[in-house]
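Here is a short report on one protein chain. Keep the sequence and the 3D view open while reading.

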Amino acid sequence: WELSGDAMLYSGLPITITTFNFNGTTNSAQENDDNVERANQYIPMKIVHRTTQDWFGTDPSAVPCRKQQTVTNSLGAACAYGQPGGPTLADQFGNDRVGTERAPGYRQIDLSAFKTFQTVKGQMVKFRIDAFNAFNLASYAPPRPDIDSAQFGQIHNTLSPPRQIQLSVVYQF
């Protein structure tokens, strides 16, 4: 028997925290979307108790500041991100750097096993089994980065395909 395999493993890609463009500025975080701009970052986000429903964690710093707030969120604790400008300052750009947070990493391992059996007069049968995403690892899509969304920090999709197995038999004569 012969075994073969390959693995695709990489860390999470950068995420830029964004906000809806309420005041018409053009500090666009996405090239083709003029309604989205970078948010203000007040402090580094502290990530604790991370899940797919709270990718940025449950720490109070992961709750975005709302429009009327500047540095404290609804829990009275310091928040990491908020809308640029605040309630009295209009037409200001967000100060968040591009790619300050990270999306989930990606993992996929493919395996193959194959063998050739000799039959009569130089004929042979080749048997092969391939398993794509052999361990059925779930690699999650990036979370929602828009602080104005009720789904901020939630992950709703996977990037990796489900496990797929294929068998093949070839008869050579």
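**Overall fold**

This is a predicted model. The chain holds zero helices and 11 strands. Read along the sequence, the pattern is β-β-β-β-β-β-β-β-β-β-β. Of the 173 residues in the chain, 35% are buried.

**The open sheet**

Four strands build an open sheet. Their order is β1-β9-β10-β11, and the pairing is antiparallel. The edges are strand β1 (2–10) and strand β11 (164–172), and each of these pairs on one side only. On average, neighbouring strands of this sheet are turned by 10 degrees against each other, direction ignored.

Inside the sheet, strand β9 covers residues 106–118. Eight bridges join β9 to β10, and the two run antiparallel. One point of reference is T116, which stands opposite K126 in β10.

**Salt bridges**

How many salt bridges does a search of the whole structure find? The search gives two.

| Salt bridge | Closest N and O atoms |
|---|---|
| D130 with R128 | 3.0 Å |
| R144 with D146 | 4.0 Å |

Take the D130 pair. D130 is buried because its relative accessible area is 6%, under the 20% cut-off. R128 has a relative accessible area of 32%, so R128 counts as partly exposed.

Now the R144 pair. R144 is partly exposed, because its relative accessibility is 36%. D146 comes to 16%, so D146 counts as buried.

T19 lies in strand β3, residues 18–20. Is T19 buried or exposed? T19 is buried, because its relative accessible area is 0%. The T19 side chain makes a polar contact with the side chain of D148, at 2.4 Å.

**A nonpolar patch**

Which residues make the nonpolar surface patch of about 290 Å²? They are I129, I165 and L167. I129 is found in strand β10, residues 124–132. The relative accessibility of I129 is 31%, so I129 counts as partly exposed. Patch residues need over 30% relative accessible area, and I129 has 31%.

**In brief**

The chain has 11 strands and zero helices. Strand β10 belongs to the open sheet and also holds I129, a member of the nonpolar patch. The two salt bridges are D130 with R128 and R144 with D146.

Notes: Residues are numbered from 1 along each chain as its sequence is written. This is a predicted model: local features need pLDDT of at least 70, side-chain atom pairs count only at pLDDT 80 or more; totals for chains, interfaces and linings use all residues. Side-chain values use heavy atoms; hydrogens and water are left out. Patches are made of residues with over 30% relative accessible area and no salt bridge: like charges are joined within 9 Å, nonpolar side chains (Val, Leu, Ile, Met, Phe, Trp, Tyr) within 5 Å. Accessible areas come from the Shrake-Rupley method with a 1.4 Å probe; for residues, only the protein chains shown count as cover. A salt bridge is a side-chain nitrogen of Lys or Arg within 4 Å of a carboxyl oxygen of Asp or Glu. Buried means under 20% relative accessible area, exposed over 50%, partly exposed in between (1.4 Å probe, protein chains only). A polar contact is a pair of N or O atoms within 3.5 Å; within protein, one must be able to donate a hydrogen and the other to accept it, and residues adjacent in sequence count only if both atoms are side-chain atoms. Two strands pair if DSSP finds at least two bridges between them. Axes are lines fitted to C-alpha atoms, for helices over the stretch in contact, and angles run from 0 to 180 degrees between N-to-C directions.
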